[in-house]
Amino acid sequence: MKLSVIGCGYLGAVHAAAMASIGHEVVGIDVDERKIASLSAGEAPFFEPGLPEILSEGIASGKLRFTTDMAEAKGAKVHFIGVGTPQQKDGYAADLTYVNAAVDALLPYLSPGDIVAGKSTVPVGTAAELAPRIEAAGATLVWNPEFLREGWAVQDTIDPDRLVVGVPSTGSGSGDEAGSGSGDGSESRSSTGSGSVDSNAADVLREVYHPAVAKGTPFIVTDLATAELVKVSANAFLATKISFINAMAEIAEVTGADVTQLADAIGHDARIGRRFLGAGIGFGGGCLPKDIRAFAARAEELGRGESVSFLREVDAINLRRRERAVQLVVTALGEDVVGKKVTVLGAAFKPHSDDIRDSPALDVAVRLKGLGAEVTVTDPEALENAKRQHPQLNYIEERDDALRDADVVVVVTEWDEYRRQLSPEHAGSLVADKVIVDGRNCLDAAAWRAAGWTYYGMGRP
Ligand code: UDX
């Protein structure tokens, strides 16, 4: 099928390349000329495992191309909108400038029968507002949220754990006709009967995602509002889970309990599950923080602020953990930070990514610098991005060079380079003082202590 993907950032570039890799003919469109030049040359403008391979394959096969010219969207059957929806500069709500601009730019090139598939994470109600403009061009708007995790984005796009497609109601126009979910959620809703959803559009999306559909991936057809909400509620749930365990870490800190053992123990309950119960310096990145804030802001607008007011608490707990890590470093240095050499292992918001958007790791580094420490940051992938945003920090590429003569080491991104491949004995031979703050609870505390280190964890004795 001929597809266009508008917006070639973390989401769109991966989506375009992944769609070409499953056989579609794809044009990726972005206003950023540098990004398009890099993608056209088969080079990923950011670090994402597996992306360079499918990019160059797609370009070599002729199935994938990139352009800044929106006119090239003409002729595609489905147009995916994958532009960013950042947090507004002066508030918590999402900034929809790029979504609106993408739709405006696309409108002249839509043909009757085309489908516009929104993938960007938007406040609930956005699709309903956009739909009339798209329908006026004879096209149909669907919302098809993505759940990809950076670092696993290629796999999550080609082989997702579920597909969700929100389609317009075909009935009298009442928004709730298609809204109620089917029993186990794994079946698409029937298009027959009163108040049906537009099944044609959903069928086209089924065809787009044919390999995943063929292997039985749950394909859930909803109305537009539900699809928008699925995405933000999934992220709200994940953020809440992380802040829950971080709240337990705060209690553990005043009781001498160990939050990692606690997480293991409660995680054995299948209803709870161990994943996303990693206590530490909390969540960051381009999605969870801004999505929970935008959700809370949207709920306020809808007069339901109280329904998700707990998200403010989730955010507050999350931000407190960064400060806690800073406090631990200050304690480890005997309250005397000025001029001390602090080596920060990690800058990316999580491993397998070079993304530093709202990175708790960099935030900890910046706060320590603000207290007067001499901060050196290292990271296997994110240093270039970090340098650009925080030129005041000292950056060293080689892990061992960064560790040399440190008064304290702080682990803030759990890359394998620090978690598995750094032995406490080897690290001990490099530093000035064997003191480590494990901001991700990712090290074997007993092994580091046995090697003579003073070890501080998050919510661990
Ligand atoms: C997230 C969602 O997982 C994804 O479904 C959505 O589409 C986009 O947002 P991503 O931002 O790539 O994906 O990162 P994720 O793996 O969810 O991690 C988010 C943050 O939470 C990271 O900073 C990570 O370090 C932190 N985290 C994760 C924890 O602090 N503890 C955990 O147990 C898990």
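This is a predicted model: local features need pLDDT of at least 70, side-chain atom pairs count only at pLDDT 80 or more; totals for chains, interfaces and linings use all residues.
Is T343 buried or exposed? With a relative accessibility of 2%, T343 counts as buried, because buried means under 20% relative accessible area. If residues up to four places away in sequence are left aside, T343 touches T376, A402, L403, A406, V408, V409 and V410. How far from T343 is P360, 17 residues apart along the chain? The C-alpha atoms of T343 and P360 are separated by 15 Å.

## Two loop residues with a positive phi

On either side of this strand, the loops deserve a careful look. Most residues other than glycine have a negative phi. E335, although it is not a glycine, has a positive phi of about 65°, and this residue lies in the loop between α12 (310–332) and β9 (341–345). D358 is likewise not a glycine and has a positive phi of about 45°; its loop is the one between β9 and α13 (360–370). E335 counts as exposed, at 59% relative accessibility, while D358 is partly exposed, with a relative accessible area of 29%.

| Residue | Phi | Relative accessible area |
|---|---|---|
| E335 | about 65° | 59% |
| D358 | about 45° | 29% |

An α-helix has 3.6 residues a turn, so residues three or four places apart point the same way.

In helix α10, which covers residues 259–267, the residues V259, T260, A263 and G267 are buried. Seen down the axis of α10, these buried residues fall within an arc of 105°, so they line one face of the helix. Q261 and A265, on the other side of α10, are exposed. What do the buried residues of α10 pack against? Their partner is α9 (224–255).

In helix α2, which covers residues 33–40, the buried residues include I36, S38 and L39. They cover an arc of only 165° around the axis, which puts them on the same side of α2. E33 and R34 are exposed on the other side of this helix. The cover over the buried residues of α2 includes the helices α1 (10–21) and α3 (51–61), together with the strands β2 (25–29) and β3 (64–67).

## The protein as a whole

These details belong to a protein that has 18 helices and 14 strands.

Of the 461 residues, 53% are buried, and T343, at 2% relative accessibility, is one of the buried residues. Among the contacts with a separation of 6 or more, 72% are between residues 24 or more positions apart. The accessible surface of the protein comes to about 19400 Å², and carbon and sulfur atoms account for 51% of this surface.

Conventions
Residues are numbered from 1 along each chain as its sequence is written. Side-chain values use heavy atoms; hydrogens and water are left out. Helices (H or I, at least four residues) and strands (E, at least two) are DSSP runs, numbered from the N terminus. Buried means under 20% relative accessible area, exposed over 50%, partly exposed in between (1.4 Å probe, protein chains only). Contact means heavy atoms within 4.5 Å. Accessible areas come from the Shrake-Rupley method with a 1.4 Å probe; for residues, only the protein chains shown count as cover. The arc is that of the directions from the helix axis to the C-beta atoms.
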